[in-house]
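The model is a predicted one.

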Amino acid sequence: MNLSKSDTYFKDFKEREALAERMLPLIGKLYRDHGVVISVYGRSITRGTSIDILKAHRFARQILENELSVRETFPVLEAMSKLDLASARVDLGKLTVRYLSQGMDVSVEQFVRQELGKINTGKASVLSEPRDVVLYGFGRIGRLLARILIDKTGGGDKLRLRAAVVRKGGADDLIKRASLLRRDSVHGHFHGTITVDEEENAIIANGNLIRLIYADSPDTIDYTQYGIKNALLIDNTGKWRDREGLSRHLKSKGVAKVILTAPGKGDLPNVVYGVNNELITDNEQIFTAASCTTNAIVPVLKAINDRYGIVHGHVETCHSYTNDQNLIDNYHKGNRRGRSAPLNMVITETGAAKAVAKAIPELAGKLTGNAIRVPTPNVSLAILNLELGEETSVAELNRYLRDVSLDSPLQNQIDYTNSPEVVSSDFVGSPFAGIVDSLATIVNGKRCVLYVWYDNEYGYSCQVVRMTERLAGLNFPSYPM
């Protein structure tokens, strides 16, 4: 064994780990005091650990095909911490690479001051006051939305989760719901502390008081009696999916706008965030966030259609089973869905292919779709079999999708992996709408097959939160431009 080489590797890691540890308080201060969210090529390192920082840099090395080290990013972060920045999203990786590519003709302090000059204006709240959020339903999606919103609390001047509306399950309802938020069999333990306030019938999560309101109908609640006003209400139940049903929420005092976490019916605007944000207008009160599958495939389809054109295609999704299915064989109103979810692959329908046309009208009538429910609890896989308007190659198509994932208006929706070892569980907790598996890409002239992974719970919930932020007016600038 070459001890000197072993010592070199270990010494190098410890040096990088020490730098990452020095970065943590700088990142934390920028987030808490200035509302600045730091990432490395799309991987957030805000509220992370030193190992999370190193892993984000490792991802950048794999995608960029060259080195990016904390030794290079630390001086840039240090220079940022000396500025009086306003709220923004800053990609530390991209900022560092830009500095290195310019030959470092100026000092890092001068470069950072120049690049971030437009936000070197001092801390200022984006909103005049925090915007209240209410979750109607507290199931799989509701609790993940709660986790994300709590994690984004920052200085408390943005979105503020105030309540969750549920049907009372029993005398220990509050305790059990707090426990379900604290522990999750798929997504792990809550990142922080959770207690309960029985007098207020509330869950206290990282200092956020989230009141549980018991109700059987969406139009009978006076939210203002709890100090909630002008709220953005997110309906996670899926019970009402048309304008008439969802309008019932607006009859309750304190609700301003409604978001449905499911495909809507009729004339409701179905928003795939990042693709058709123009549907988010001030004069509309009810929005839907489409489905998890629609959110996963639409950004990739838009990117492909914009560059190559899509003549026609078929979308097949291998979707994890959901709470709608049965654990063991039992009656179900849907065909095949009554059969045991953990024991079977189940062919079923999906409206995702038709829903694509609502976000990308030029693809209307060009796609068919189907779904197979598979015996996994989370993370699904969409297979896009497309005929393009022009010929391409695997290398060219993958390079294009990689570039879209790194630097484009869709970079928060599309992720990219070139690992030969990844499987579905590796994408649990991915904040992206979909992840292109580049090593599975198939191209034959104008025909291509793309494989897109997606965390159908967490990734979708992140899309819903992005939409909620947009409705609240939280439009943070991103740097570098």
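Beyond its neighbours within four places in sequence, Leu-386 is in contact with Leu-301, Ile-304, Ile-310, His-312, Gly-313, Leu-367, Lys-446, Arg-447 and Cys-448. In this predicted model, Leu-386 belongs to the largest nonpolar core, a set of 77 residues. Along with Ile-297, Leu-301, Ile-304 and Leu-384, Leu-386 touches the most other members of that core. Helix H9, residues 292-307, supplies the largest share of the core, 8 residues. Apart from this core lies another, made of 38 residues, including Val-40, Leu-68, Val-70 and Leu-85. As a general matter, nonpolar side chains in soluble globular proteins tend to be buried together.

How many cavities of 30 Å³ or more does a search of the whole structure find? The search finds 2.

The largest cavity has a volume of about 40 Å³. Its lining consists of Tyr-41, Gly-42, Arg-43, Phe-59, Ser-405, Leu-406, Gln-411, Asp-415 and Phe-432. By type, that lining divides into 4 nonpolar, 3 polar and 2 charged residues.

The second largest cavity holds about 30 Å³ of space. Around this second cavity stand Arg-140, Arg-143, Leu-144, Arg-147, Leu-180 and Asp-184. Helix H6, residues 140-151, gives the most to this lining, with 4 residues. Here the division is 2 nonpolar, no polar and 4 charged residues.

Technical notes:
Residues numbered from 1 in each chain as written. Predicted model: local features only at pLDDT ≥ 70, side-chain atom pairs only at ≥ 80, totals over all residues. Heavy atoms only, no water. Core = buried A, V, L, I, M, F, W, Y, C linked by side-chain atoms within 4.5 Å. Buried < 20%, exposed > 50% of the residue type's maximum accessible area, 1.4 Å probe, protein only. Helix = DSSP H or I, 4+ residues; strand = E, 2+ residues; numbered from the N terminus. Contact = heavy atoms within 4.5 Å. 1 Å grid on protein atoms, 1.4 Å probe; cavity = no way out; pocket = protein on both sides within 12 Å on 5 of 7 lines; lining within 4 Å. Points joined across faces, edges and corners; volume = space filled by probe spheres on them. Nonpolar A, V, L, I, M, F, W, Y, C, P; charged D, E, K, R; others polar.
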